Amino acid sequence: MANFQYRWKSKKLREHVSVINGDIPPTIVLQNATYLNVHVNAWLKANIWVYEDRIVYVGDELPSETKGTEIVDCSSFFIVPGYIEPHVHPFQLYNPHSFAQYASQSGTTTIVNDNLMLALHLTKRKAFTFLDEMKKSPVTMYWWCRFDAQTEIRNEEEVFTTSNIKSWLDHETVIQGGELTCWPKVVAGDDIILHWMQEAKRRNKPIEGHLPGASEKTLVKMKLLGVDSDHEAMTGSDVKKRILQGYTTPLRYSSIRPDLPTILEELEQSDFHYYDQAFFTTDGSPPSFYQGGIINRLIAIALEQGIDPINAYKMASFNAAKHFKVEHIHGSASTGRIANLNILTDINNPTPIAVLANGKWVKKEGKLVESAFAQVNWDMLGLSKLNLDWDLCMDDLQFSMALGLSMVNDVILKPYSVLVDVSGEELAIDDDQSFLMLMDRHGKWRINTIIQGFDRGIGGLVSSYSNTGDIVIIGKNKNDMIVAFSRMKELGGGMVLVENGEVITEIPLPLDGVMSQKNLEELIVEEENMRSELFARGYSFTDPIYTLLFLSSTHLPYIRITPRGIYDVMNKTVLFPSIMR
């Protein structure tokens with residue numbers, strides 16, 4: 001099987017040597033560049049030769065043959081390796097292609113993506129076709145292999161099989177196992193998942209944990225069982241504890257966990273200046289969080305906290321490449337690596353003025369090079385509008401459950417006793433309780449309850465964007481909920497907010513009801529409109545998009561609404577099963 005990490009065949013390798021011999025001109029020469037050499041931790045002067053997608057030389061010499069070569073004077077610039085985002089959920093209203101294009105403009109040229117939505121929504125064959133299509137992007141797109149659904153679905157044993165897991169792990173662009181949200185099952189003795197972890201190890205691929213609040217003993221156990229990294233450190237102490245146990249530790253700055261400034265401040269104050277086993281991540285945040293860029297923003301935070309620039313840029317590139325065992329092609333401006341390079345005007349300004357990704361200019365003189373990114377045929381990939389052949393009706397909107405879900409924060413839910421009368425067509429405005437439903441996208445089942453703390457004035461909110469891809473419906477007025485559903489259905493998927501029978505704002509998501517086709521700049525505007533309208537109606541936490549996503553996510557305490565019903569996470573039991581329609 002061809003390996004994406006060893007991409008150049010013998011004929012092409014001979015061409016690379018011919019460039020050094022002077023028989024073939026390089027494609028691009030970055031002349032008189034001050035560049036970061038991550039191997040000796042120093043800023044050095046050199047000429048960097050690029051041939052097609054590879055750096056073929058870094059040193060004092062200039063090529064003897066330059067016919068057709070683009071020569072760029074970099075004497076007033078600084079060059080650093082392209083940034084690596086090691087933990088992306090590329091289906092947060094945006095799609096992997098649009099996220100990659102947007103990320104490239106601020107210097108993130110390699111992305112490691114979650115495969116969960118592909119595993120749940122597409123057949124294996126179509127999912128792998130999707131992965132192959134993403135390889136056409138100048139941004140290098142890697143993936144990870146999930147071992148569980150992160151919720152309670154009805155057909156999990158059909159999706160997560162040993163055969164499927166091995167196929168994913170064998171794919172050339174899949175470079176890790178995890179993230180391991182199902183780690184409690186492994187600790188409790190689930191040998192099937194442990195076997196899958198061993199299959200990842202057999203293929204020399206690391207395993208990412210998901211261990212928020214883990215004790216030292218838990219960290220030790222998971223390390224013994226095979227976990228290599230964990231992105232759930234929330235404090236400097238958490239980071240230190242993980243690194244001392246041999247973990248590689250992502251430092252996170254996300255919409256619901258903006259911990260990076262605190263982490264770095266605490267590490268610096270504790271005199272723990274060891275960053276070789278750390279790298280950055282934004283943990284797949286919604287579009288509006290990314291105004292200003294991706295990993296470049298985290299480098300800027302690190303520089304503001306007094307981190308040495310060399311350490312900051314290494315955490316953004318080389319450290320991640322080393323962890324994923326791809327440092328032979330990523331993470332450095334060195335001979336033999338893929339030509340992912342960022343050109344900076346200042347060491348202290350990590351947002352590049354120009355970006356090379358796979359040897360192609362994706363940003364030049366501060367502007368997007370649109371021709372670098374090919375259009376994607378979404379229909380060919382099996383991602384088209386939701387075609388719902390059923391309607392939401394008043395008979396579906398029967399609420400009698402005495403147990404509701406109370407929001408503790410954006411993503412934590414606790415059970416509570418519903419004491420208000422929920423038998424009518426609407427609930428009181430300015431009360432913090434609303435109707436909540438999860439509806440099967442195929443219209444076969446539903447689960448109805450009450451949510452407390454989400455809002456104080458939403459008439460009807462419908463979202464086909466959810467962890468399972470099923471339909472989330474929230475509101476105080478049943479008629480508004482039906483109108484919002486009808487509009488979402490008309491859009492072919494999306495998020496719709498309705499009040500007094502009128503659509504207030506919406507986000508069309510025509511790619512399987514989960515993703516937009518629009519670029520991130522447009523999507524940011526749509527999401528900010530939705531956020532502002534939800535905040536105006538009493539949403540009091542940080543990130544309503546993540547709240548909707550995680551309503552069904554059983555890796556979080558304490559209670560969830562899932563396709564199987566209301567689920568007690570701590571006791572791993574279905575309290576109230578979903579109802580067939």
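The model is predicted, so local features need pLDDT of at least 70 and side-chain atom pairs count only at pLDDT 80 or more, while totals for chains, interfaces and linings use all residues. Residues are numbered from 1 along each chain as its sequence is written, and side-chain values use heavy atoms, with hydrogens and water left out.

Helix packing comes first. Two packed helices are described by the angle between their axes and the distance between the axes. Here helices (H or I, at least four residues) and strands (E, at least two) are DSSP runs, numbered from the N terminus. Axes are lines fitted to C-alpha atoms, for helices over the stretch in contact, and angles run from 0 to 180 degrees between N-to-C directions. Angles under 35 degrees count as roughly parallel, over 145 as roughly antiparallel, 65 to 115 as roughly perpendicular and the rest as oblique.

Start with helix α6 (residues 162–170) and helix α8 (residues 191–202), whose axes come within 10 Å and cross at roughly 25°. The two helices, α6 and α8, are therefore roughly parallel to each other. Their crossing is right-handed; a crossing is left-handed if the near helix is turned anticlockwise from the far one by less than a right angle, and right-handed if clockwise. In the contact (heavy atoms within 4.5 Å), T162, I165, K166 and L169 of α6 meet H195, W196, E199 and A200 of α8. These residues divide into four nonpolar, two polar and two charged. For such counts, Ala, Val, Leu, Ile, Met, Phe, Trp, Tyr, Cys and Pro are nonpolar, Asp, Glu, Lys and Arg are charged, and the others, Gly among them, are polar.

Helix α6 also packs with helix α4 (residues 124–134), and these axes come within 12 Å and cross at roughly 10°. That makes α4 roughly parallel to α6. On the α4 side the contact uses K124, A127, F128 and L131, and on the α6 side S163, N164, S167 and W168. By class, this contact has four nonpolar, three polar and one charged residues.

Helix α2 (residues 96–104) and helix α16 (residues 520–536) have axes 10 Å apart and pack at an angle of about 105°. The helices α2 and α16 are therefore roughly perpendicular to each other. S98, F99 and Y102 of α2 make the contact with L520, E521 and I524 of α16.

The backbone is next. Most residues other than glycine have a negative phi, and most peptide bonds are trans. Q150, a residue other than glycine, has a positive phi near 65°. Q150 is in the loop between β8 (140–145) and α5 (156–159). A cis peptide bond, with omega about -5°, joins G178 and E179, and E179 belongs to strand β9 (residues 174–180). The bond from P557 to Y558 is also cis, with omega near -5°; Y558 lies in the loop between α17 and β26 (559–562).

Last come the spaces within the protein. On a 1 Å grid over the protein atoms alone, a cavity is a set of points where a 1.4 Å probe fits but cannot get out, and a pocket is an open set with protein on both sides within 12 Å along at least five of seven lines; lining residues have an atom within 4 Å of a point. Grid points are joined across faces, edges and corners, and a volume is the space filled by probe spheres set on the points.

The structure holds four cavities of 30 Å³ or more. The largest cavity contains about 60 Å³ of space, and its lining includes F91, M117, H121 and D512. That lining divides into eight nonpolar, one polar and one charged residues. The second largest cavity has a volume of about 50 Å³, and its lining has four nonpolar, seven polar and one charged.

The largest pocket has a volume of about 1,000 Å³. It is lined by 49 residues, and H210, P212, H555, L556 and P557 are the closest to its centre. The elements α3 (116–121), α7 (183–187) and α17 (544–550) each give two or more residues to this lining. The second largest pocket has a volume of about 610 Å³. Of its 26 lining residues, D440, R441, H442, T468 and D470 lie nearest its centre.
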